[in-house]
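Have the sequence and the 3D view open as you read.

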Amino acid sequence: TDDESRFFLYLARTYDSAKLTERSLSLFRALSAPERFAKFSEEDRDAIGSKLFLLEAEAGNIAAASEKLGYLKSPYSIRSALADRRLAPLWPQVGAMAGPNMALTLNARVDRAKLRFDAAPTGDGELKELAEAYLTAGRFADVVALVAAKEPAPDDYGSLTENMGWALNAKVYALDALGRHEEAEAIFDRIAGLKLDDRTRGWLVNFVINRALRLVDRGDAGKALPAIDLADRIATEAGSDYARMLVRGARMCALRESGRAADLAPLLAEVSEHAAEAPAEAAEAMLCADADDQAAKVVRDALTDPARSAAMIEALQSRDFGLYYGESNRPQLFERIRKRRDVASLFDKVGRDIPREFVPLFTLRLMQARAARAAE
């Protein structure tokens, strides 16, 4: 059932957070046993197979990992695999699966999502999946048209479900890619106007944080700071450690943009205290306080921790390898930290810069849309 699927994914995340990689590997091996595996949905089977691939590879079981390559369908998993040096023996196969600009992976995701949506056109889960597939493939106009046909009226957001929220989230980013920023902002503002009930709307935290981050990314500190205050209240009540770190980072960058550098010291101390909860996000936040040495230490600690290195390797990639939202004024780990001597030597042992041939369709089409607007 859906509830059971959510439970095993939550359990897996808990193992990851606690660095219990052997338990996580045992869990996913058990879930992939034929008598259990067949009972999951196709989407869950892909998630289980993809995770087991990564766990086997991280444990050095390359032969076992190669048997699960067929489940590596998510563009996020493909991107991670292309950067992680533990998977170096499989890079040629993973690269062939991705194709130039990751087009094979991204277009196949669209095709799978379209089949599911056509079979269940009233399902908001299928809508979310197709909207996000269109977005990562850089099909921005298709995202807008798809969601516009199904979304609630502006005065009916009280009926919003989490899946519809994610579909609207994809529409926001697609509208931004098309230069329709006021329409994008209005969607997030309507979502932010909903009241939190943590029994039924705990998921609201995702969208108020994304709204705040978007305003920071657009350099609109005046609007960002009140949005961050709202995100902070909801994250405190219903958010995870990761969510709260995102809020801290957004606030630090907005304060810096506002010229309030004197207010950063207590926030920097708070970020440092909680850095182990979300290392990549903590390191990025530190850059907004120009605390590059502290950020580099967080990065080094993560790169030398097998349970955390994969996420940090991804965080140190160029923003050109983004798959969901590419416009940001915030400083990048790739530019400020990745090339430092004390980081580069560790990074090169466990990861690599993803080859430019795999810059995804999302980025290519985002750049094309910007160029077209500039030429008008």
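A residue counts as buried under 20% relative accessible area, as exposed over 50%, and as partly exposed in between (1.4 Å probe, protein chains only). Tyr173 is buried, at 7%, and Tyr324 is buried too, at 18%.

A quick note on the source: this is a predicted model, where local features need pLDDT of at least 70, side-chain atom pairs count only at pLDDT 80 or more, and totals for chains, interfaces and linings use all residues. Residues are numbered from 1 along each chain as its sequence is written, and side-chain values use heavy atoms, leaving out hydrogens and water.

Now for the rings. Rings of Phe, Tyr and Trp (its six-membered ring) pair if their centres lie within 6.5 Å; planes under 30 degrees apart are stacked, over 60 edge-to-face, and the rest tilted. Searching the whole structure turns up nine aromatic pairs, including these two:

| Pair | Centre to centre | Angle between planes |
|---|---|---|
| Phe140 and Phe362 | 5.9 Å | 80 degrees |
| Tyr173 and Tyr324 | 5.4 Å | 85 degrees |

Phe140 sits in helix H10 and Phe362 in helix H22, 222 residues apart (helices are DSSP runs of H or I, at least four residues, and strands are E runs of at least two, numbered from the N terminus). Both Phe140 and Phe362 are buried.

Tyr173 is in helix H11, while Tyr324 is in the loop between helix H19 and helix H20, so their pair ties together parts 151 residues apart in sequence. Ring pairs also join Tyr173, Phe188, Tyr324 and Tyr325 into a cluster.
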